[in-house]
Amino acid sequence: MDKDSIILKYEQDEVANAASNLETAASQNNDQCKELDELQEKMKRIYELTGKQPFSPSSVQLAKPSESTVERSTFMPPQTLTYDQLFVKASNSLVARGLDVDSLDYHSLVSEDELVAIEKELNRPLPRRERWTKGDFVAVFIASAIGSLADVILSNRNNLLTGTDSDFSKWLNQFHQHEGGGPIDYQGPHFGGGFHRGLSKGHDILRFIEGIMMFKNGQFEAVRYENGIAHTVISTVNQFGKPYEQLGVLEAIVRYAKHMFADLFSTCSLPFPGSSFLVEANNRQMRQFAADMYKNGFNIKTVISQGLSTIIIEVILRIYFSIQSVEKYKDEFEISEDYSNFEAAKHFFKQENKDKLDEMLLVAHSIVTAVNIGKVAIEKAPWEINVTEIVSVVHYGVKVMSKAIECNSEYAKLIRSTEKLHEGWSSLEQRIRTDEQMVLSESSRLIIA
């Protein structure tokens with residue numbers, strides 16, 4: 001037997017009965033008010049017809065009550081019951097109404113419709129903390145427009161700013177200086193030419209361990225296909241027959257790092273990380289695709305330069321969001337005219353809530369990525385794909401999705417509901433205390449009957 005359920009059911013019925021009686025009394029009071037108004041109208045017409053003046057309240061002499069009719073009494077507050085006494089009273093009342101108190105539980109206190117409403121309320125998604133403003137949309141539009149323009153210009157591998165024949169590319173090429181004779185630079189039969197770095201794994205930074213081992217062992221190693229059959233090519237001498245030098249581990253690491261750093265700034269730069277796996281694939285079309293991509297300028301240097309669009313978006317939106325954060329919290333601290341005080345600087349560089357910033361960055365990068373993919377599809381030039389924008393879309397997409405899942409998780413909803421229930425109970429407790437104080441105040445008054 002659940003005593004709490006029995007007591008709550010009793011209290012629920014008592015409150016329902018009190019509410020019903022109050023509604024009936026209110027309805028009767030309204031009816032009486034209407035009858036009184038009608039009576040007053042009739043009396044008014046009678047006085048008008050007879051020409052008499054209505055009696056004034058001051059002319060009516062009321063009989064003074066005798067001392068014996070005056071009774072002084074004090075209203076006694078209701079008796080406080082203990083928990084067990086309240087349980088007995090509730091049980092007897094429910095049994096008298098024909099209810100089986102032994103079968104009562106918490107589900108008996110609410111109807112099925114109320115349960116559905118409660119479940120819907122508890123499972124509703126959490127509201128967004130910050131909504132987008134018109135300024136946010138404008139900032140995203142400006143950032144994505146400038147980023148798209150930069151992408152369209154720099155995605156062309158022959159553009160005048162960073163293209164193969166540009167002054168910028170020629171200036172970078174002066175850093176292409178390293179000691180010759182490295183095993184990864186082997187240019188023997190089928191591995192020579194200006195794009196020799198894309199024909200083997202030696203210049204693939206994703207396979208740096210194998211590149212270092214070539215310097216250490218003093219031998220070149222690669223895979224070549226003949227009639228669809230893979231052959232491993234190993235050479236301890238260069239294309240001129242000069243033997244490669246064997247090095248210690250530390251020296252091999254240093255030589256490899258210097259060599260790759262110099263090649264990075266050369267005209268053809270380094271192949272995109274991982275492209276050597278396609279070069280060694282069994283499928284000939286995959287090998288041809290990897291070679292075409294590198295020959296048409298899909299290398300690390302051009303990918304980095306094309307990342308200017310990503311930098312533009314990040315800078316514009318982060319500065320905008322930082323300024324908005326300072327404006328939002330400016331009432332919490334005093335901002336100096338030059339924004340030099342510590343609190344303003346802290347809110348500028350480290351904001352409390354970056355959920356909206358992540359959404360703005362995701363939208364801006366997605367727009368630039370869509371423009372880039374459309375350009376690649378129209379021109380049929382896959383080597384102009386903007387890798388940095390794709391990485392940014394994936395990065396912020398995961399963050400935004402993770403935050404959405406977290407906000408709609410059962411744990412987050414439970415915390416939200418618990419906080420609301422706590423607020424509700426606190427409000428109810430305060431109302432009960434106020435009502436008790438009013439009852440005690442009324443009980444101290446004298447009533448004259």
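A: Helices here are DSSP runs of H or I with at least four residues, strands are runs of E with at least two, and both are numbered from the N terminus. The model is a predicted one. Its mean pLDDT over the chain is 81, with 83% of the residues at 70 or more.

The part to look at closely is helix 4, which covers residues 134-154. Helix 4 has 21 residues, and the distance from its first C-alpha to its last is 30 Å, close to the 30 Å expected at 1.5 Å a residue. Its buried residues are Asp136, Ala139, Val140, Ala143, Ser144, Gly147, Ser148, Ala150, Asp151 and Leu154. Viewed down the helix axis, these buried residues fall within an arc of 165 degrees, so they line one face of helix 4. An α-helix has 3.6 residues a turn, so residues three or four places apart point the same way. Exposed residues are found on the other side of helix 4, namely Lys134, Phe137, Phe141 and Leu149.

Helix 13, residues 355-379, can be checked by length in the same manner. With 25 residues at 1.5 Å a residue, helix 13 should span 36 Å, and its end C-alpha atoms are 36 Å apart, which agrees. Just after helix 13 comes Lys380, with a positive phi of about 55 degrees.

Positive phi values also occur in two loops. Asn227 is in the loop between strand 2 (220-226) and strand 3 (229-235). Phi of Asn227 is near 55 degrees, positive although the residue is not glycine. Because its relative accessible area is 81%, over the 50% cut-off, Asn227 counts as exposed. His190 belongs to the loop between helix 5 (167-173) and helix 6 (208-217). Phi of His190 is near 70 degrees, again a positive value in a residue other than glycine.

Thr302 has a relative accessible area of 9%, which is under 20%, so Thr302 counts as buried. Leaving aside residues up to four places away in sequence, Thr302 touches Arg157 and Gly297.

One stretch calls for a separate note on confidence. Over residues 68-75, pLDDT stays under 50. For residues 68-75 the model has 17 contacts beyond four places in sequence.

Technical notes: Residues numbered from 1 in each chain as written. Predicted model: local features only at pLDDT ≥ 70, side-chain atom pairs only at ≥ 80, totals over all residues. Heavy atoms only, no water. Buried < 20%, exposed > 50% of the residue type's maximum accessible area, 1.4 Å probe, protein only. pLDDT = per-residue confidence, 0-100. Contact = heavy atoms within 4.5 Å. Expected span 1.5 Å × (residues − 1). Arc of directions from axis to C-beta.
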